[in-house]
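Hi,

Here is the structure I promised to pass along. Have a look at it first, and then read on for my notes.

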Amino acid sequence: MLLLLLAQAAASVWPPNRFPETAGLLSSLDPPPSFVNGDAAVRVTYTRTTVRDDGTVEGCVSEKSSGDAKLDAYACAAISRRLKFTAARWLDGTPAYSVFSAPLLWMNGTRLPDPRRAVAPDLELSVQRLPAGFPGFINLLLEVAVSAKGAIVACRARESRQPSAAIALVPTACAQATSQLRLQPPLDRSGQPVRSIQLARVRFLVGS
């Protein structure tokens, strides 16, 4: 409880951080022929881009492969070429490292599953019911401050694209993420783990 109260207090004075949007990042011209002509309808590349505390990009890696090395390379190349990053701000306003974890969805074909279900969350929670208008699940994107040991010390909803009816679930999502998740901290130039600002995805599902 004390940790949660401290996290909420920190979030109340936490400077705004801006992560880039991935909407429109990929076009129909991006996938290599091996995917366009392949059998898979959907693949997901889970990318991890580390940004230093001076705003320079350390690099992008495939944190979890789509199963197609060419797609994974395309995903990080698109992020490196097309997205702009700035240094994140820690709870006290000082510059901090950030980790931009972004799943990029590759879709091929006409009969596709709901893309909101195709991406695996960092944490999945069961509830008895959801606000009206949701199809049995809600995806929440959180911005979290992570210690050098990987513990979440502050949490809030990412400012953009949060459904208004889902905002009431943010305190629960933050409380559960704080208690259950341990995130990988980035390494500084000397190879030591450092505190960072990261993203975490929480999915609420109606349980049986």
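This is a predicted model: local features need pLDDT of at least 70, side-chain atom pairs count only at pLDDT 80 or more; totals for chains, interfaces and linings use all residues.

Arg 156 itself sits in strand 7, which runs over residues 152-157. Buried means under 20% relative accessible area, so Arg 156, at 15%, counts as buried.

Next, Pro 20. You will find Pro 20 in the loop between helix 1 (2-13) and helix 2 (33-36). Its relative accessible area is 12%, so Pro 20 is buried too. Leaving aside residues up to four places away in sequence, Pro 20 touches Leu 83, Lys 84, Phe 85, Phe 100 and Arg 158. Phe 100 is 80 residues from Pro 20 along the chain, yet their C-alpha atoms are separated by 8.5 Å.

Finally, helix 3. Which residues of helix 3 are buried? They are Leu 71, Asp 72, Ala 75, Cys 76, Ala 78 and Ile 79. These residues cover an arc of only 155° around the axis, so they lie on the same side of helix 3. The face turned away from that buried side carries the exposed residues Ala 69, Lys 70, Ser 80 and Arg 81. At the start of helix 3, a side-chain oxygen of Asp 68 comes to within 2.9 Å of the backbone nitrogen of Lys 70.

Best wishes

Terms used
Residues are numbered from 1 along each chain as its sequence is written. Side-chain values use heavy atoms; hydrogens and water are left out. Helices (H or I, at least four residues) and strands (E, at least two) are DSSP runs, numbered from the N terminus. Buried means under 20% relative accessible area, exposed over 50%, partly exposed in between (1.4 Å probe, protein chains only). Contact means heavy atoms within 4.5 Å. The arc is that of the directions from the helix axis to the C-beta atoms. A polar contact is a pair of N or O atoms within 3.5 Å; within protein, one must be able to donate a hydrogen and the other to accept it, and residues adjacent in sequence count only if both atoms are side-chain atoms.
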